[in-house]
Amino acid sequence: MEQRSTSKSTDRRGRAAAAGGRGRTSAVGTAAGGSDDDPIVGVVGAPHGVRGEVKVHPRTDIADRFRKGARLLCDGMGELVVSSVRGADDVPIVRFEGMNTRNDAERLRGRNLRVSRAEARRAAKEAYLWADLLGLRAETPDGRALGTVSEMIRAGETDVLVVRAEGSREELLFPAIASVVREVDVAGGRVVVVPQEILE
C-alpha cells in the first residue's frame, strides 16, 4: 500500500490519497526489512520460470516503481534491487539481484515489498499517501465532528475515506473528490468533508 498517490487538490478522477493499497487498507503490516510504517508498493506472487523471476502484484500508482535498479524493502528479507523487469504493468515479472533460481523466487512468495515513507512522498510529489489520512479527524465545513478516518478503500477509480464515529460501528463513506473533500490538513490532524445530505 504505497498508499496511492493523488493530487492534493484531488484530480478529476477523485483520487485524494493513495499509493498503495488496492482494495481496503486500515493499517500497514509488519516489515522485517523496514519499518511498520513503510508503505507497501507490491506483493510478491508466484515464481515465473526457473531463473529467479517472480510475478509482482503492484499496490502503487507510481508508474516506474519496479524499474531496473529500484531498491525495495522486502518483509523478512531486507533490501532487494531490481535487476530486470518485463511483462504487463498490472503484474510485472521481476528479478532481483542475487535471486537466480526458482528456489530463490519461492522464498519471496507472499512477501510485501515496501519503500520508505520519505521515498513514497518524494515519488508522489504533490500528493497524499493513504497512510497520511488514516487517523485524521473528519469534520464538516462548519466544524461539526463526524469521526475519524479509519480506512481507505478504492472503489473503481475513486479513493473513498471511511469515517467512523467514536464509540460507534457505523461507517460514513466519502469519495475523495473535490466537491466532497474540501480540505486535508495533515499537520492539523483533520480533514474537512461535506456529507451527502448537505450536497443534496
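Glu53 is buried, with a relative accessible area of 5%. The model is a predicted one. Glu53 has a charged partner: Arg86 forms a salt bridge with Glu53, and their closest N and O atoms are 2.8 Å apart. The two residues come from distant parts of the chain, 33 residues apart. Arg86 belongs to strand E6 (residues 78–86), while Glu53 belongs to strand E4 (residues 53–58). Arg86 has 40% relative accessibility, so it counts as partly exposed.

**Salt bridges**

The count of salt bridges comes to 13. Three of them are set out here.

| Pair | Closest N to O distance |
|---|---|
| Arg86 and Glu53 | 2.8 Å |
| Glu139 and Arg190 | 2.8 Å |

Glu139 counts as buried because its relative accessibility is 13%, and the cut-off for buried is under 20%.

Arg164 is partly exposed, at a relative accessible area of 31%. Glu171 is partly exposed as well, at 30%. Elsewhere, salt bridges with shared partners join Arg137, Glu139, Glu183, Asp185 and Arg190 into one network.

**A hairpin**

Where do Arg164 and Glu171 stand? Arg164 is opposite Glu171 in E13. Strand E12 (residues 158–164) pairs with strand E13 (residues 171–175) in the antiparallel sense, over five bridges. Together E12 and E13 form a hairpin, with six residues between them. Gly167 sits in the turn and has a positive phi of about 75°.

**Nonpolar cores**

The largest nonpolar core has 19 residues. Which members touch the most others? They are Val54, Phe66, Leu72, Leu80, Phe96, Leu108 and Leu113. Several elements each supply at least two residues of this core: strand E3 (40–48), E4, strand E5 (71–74), E6, strand E7 (93–96) and helix H1 (102–108). E4 and E6 also hold the Glu53 and Arg86 pair.

Val54 shows the surroundings in detail. Leaving aside neighbours within four places in sequence, Val54 is in contact with Val44, Ala46, Pro47, His48, Pro92, Ile93, Val94, Phe96, Ala105 and Leu108.

Another core lies apart from the largest one. This other core has 17 residues, among them Ala138, Leu146, Leu161 and Val193.

Conventions. Residues are numbered from 1 along each chain as its sequence is written. This is a predicted model: local features need pLDDT of at least 70, side-chain atom pairs count only at pLDDT 80 or more; totals for chains, interfaces and linings use all residues. Side-chain values use heavy atoms; hydrogens and water are left out. Two strands pair if DSSP finds at least two bridges between them. Helices (H or I, at least four residues) and strands (E, at least two) are DSSP runs, numbered from the N terminus. A salt bridge is a side-chain nitrogen of Lys or Arg within 4 Å of a carboxyl oxygen of Asp or Glu. Buried means under 20% relative accessible area, exposed over 50%, partly exposed in between (1.4 Å probe, protein chains only). A nonpolar core is a set of buried Ala, Val, Leu, Ile, Met, Phe, Trp, Tyr and Cys residues joined through side-chain atoms within 4.5 Å. Contact means heavy atoms within 4.5 Å.
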